[in-house]
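The following exercises are to be worked with the sequence and the coordinates at hand. Each task is followed by its solution in steps.

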Amino acid sequence: MMPFDLTFRDLSFSYRQKKVLKKITGEFQSGGFYALIGPNGSGKSTLLKTLDRILIPQSGHIFINDKALTDLNHKEMARTIGYVAQSSHSINPGTVYDTVMLGRRPHVGWYPSASDRDMVFQQMKRLKVEHLALRKINELSGGEQQRVQIARALAQQPRIMLLDEPTSSLDLKHQIEVMETLKDISKSGITIIVAIHDLNLALRYANRFILIKNGHIIKQGNKSIMNHENLQELYNTDVTTIQHNGQTYVLPL
């Protein structure tokens, strides 16, 4: 599988007069599991939206390998990047099956093929929502809708997945199942990028971290940057890190 590296340089974005991203530069390497960490309002969600062209940055550049993101057409974008928003609630009257099938739009011809239908059922099963296939999406709980939206993004067969708080609506069991699924996907060479508040969940599954504060990236690297000095700077609060059975945990003081 050809690597798909995603880089951004001097990226800036403002909502009216409020600067949210301030000339940030970084890179996501193919197959990595990245956690975007930072306080509310730090720019995590905005960064994800600029990477998916939902928002257009006022300055800076984004590249897939050496190709500018702006040079990709709509179908190329959909085949390259899958995006799952933080809010899963929908007024879409369609069924779960219909919603996941939307992920096949970049691949289908006039009608979905047998392989398209197989892919849809495969991803529904992967996210444990196959029993909901004929239920209306707007009749589901927030957590169920979130798993359906992840299944839809996976059905796109993207090379990069952007997920904004993918576990926020899930109970503990489904949080672990979703993160395990994303970890397995990253092992196949697909890049996973999640904005996440749960530091311990991030430490358990991610292998790369980007710390964002006030629109600036203050650190990026492996788990070694998730130490109490950096986290105290990030959150302006006292925390400590401990090791247990080879796993790092963050605790408030």
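Two strands pair if DSSP finds at least two bridges between them; strands (E, at least two residues) and helices (H or I, at least four) are DSSP runs, numbered from the N terminus. The model is predicted: local features need pLDDT of at least 70, side-chain atom pairs count only at pLDDT 80 or more, and totals for chains, interfaces and linings use all residues. Residues are numbered from 1 along each chain as its sequence is written, and side-chain values use heavy atoms, without hydrogens and water.

**Exercise 1.** Determine the order of the strands in the open sheet.

Step 1. The four strands follow the order β2-β1-β4-β5, with antiparallel pairing.
Step 2. β2 (18-28) and β5 (67-68) are the edge strands, each pairing on one side only.
Step 3. Between β1 (residues 6-15) and β2 there are seven bridges; L6 has F28 of β2 as its bridge partner.

**Exercise 2.** Describe how α4 and α5 pack.

Step 1. The axes of α4 (residues 114-126) and α5 (residues 142-155) lie 9 Å apart, at an angle of about 140°. Axes are lines fitted to C-alpha atoms, for helices over the stretch in contact, and angles run from 0 to 180 degrees between N-to-C directions.
Step 2. α4 is therefore oblique to α5 (under 35 degrees is roughly parallel, over 145 roughly antiparallel, 65 to 115 roughly perpendicular, the rest oblique).
Step 3. Contact means heavy atoms within 4.5 Å; M119, Q123, M124 and R126 of α4 meet A151, L154 and A155 of α5.
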